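The exercises below are meant to be worked through with the sequence and the coordinates side by side. Each task is followed by a solution that goes step by step.

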Amino acid sequence: MDKLIGVTAVSTPLWLHYFNTGIAICVGLGGVLLLGFRIAKARQDYLKAKEERGKS
């Protein structure tokens, strides 16, 4: 029983570490994608406004 508790105590932090790392990666990727999307949208709006200004 002590051996089982020891294995659990050793493996849990490692599992938790990978779990937290996975969440951090997902949040990081989500942030990067959101930022990229916002930049692309802002650029599109800017080009559209520039085009409209060119016409008038």
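**Exercise 1. Determine how many helices and strands the chain has, and what share of its residues is buried.**

Solution. The chain has one helix and zero strands, and the model in which these are assigned is a predicted one. The helix, α1, covers residues 2-55. Turning to burial, a residue counts as buried under 20% relative accessible area, and buried residues make up 0% of the 56 residues in the chain. The accessible surface of the chain comes to about 5400 Å², and 71% of that area belongs to carbon and sulfur atoms.

**Exercise 2. Find the salt bridge, and describe where its two partners lie in the chain and how accessible they are.**

Solution. The partners are Lys41 and Asp45, whose side chains meet at 3.6 Å from N to O. Both residues belong to helix α1, where they are four residues apart, about one turn of the helix. As for accessibility, Lys41 is partly exposed at 45%, and Asp45 is likewise partly exposed, with a relative accessible area of 38%.

**Exercise 3. Identify the aromatic pair, classify its geometry, and state which nonpolar surface patch includes its two residues.**

Solution. The count comes to one aromatic pair. This pair joins Trp15 and Phe19, with 5.4 Å from centre to centre and 10° between the planes; because planes under 30 degrees apart count as stacked, the pair is classed as stacked. Along helix α1 the two residues are four positions apart, so that about one helical turn separates Trp15 from Phe19. Trp15 is exposed, with a relative accessible area of 53%, whereas Phe19 counts as partly exposed at 43%. Finally, Trp15 and Phe19 contribute, together with Leu16, Ile23 and Val27, to a nonpolar surface patch of about 520 Å².

Conventions: Residues numbered from 1 in each chain as written. Predicted model: local features only at pLDDT ≥ 70, side-chain atom pairs only at ≥ 80, totals over all residues. Heavy atoms only, no water. Patch = residues over 30% accessible without salt bridge, like charges linked within 9 Å, V, L, I, M, F, W, Y side chains within 5 Å. Areas by Shrake-Rupley, 256 points an atom, 1.4 Å probe, with all protein chains shown as cover. Salt bridge = Lys/Arg side-chain N within 4 Å of Asp/Glu carboxyl O. Buried < 20%, exposed > 50% of the residue type's maximum accessible area, 1.4 Å probe, protein only. Phe/Tyr/Trp six-rings, centres within 6.5 Å; stacked < 30°, edge-to-face > 60°.
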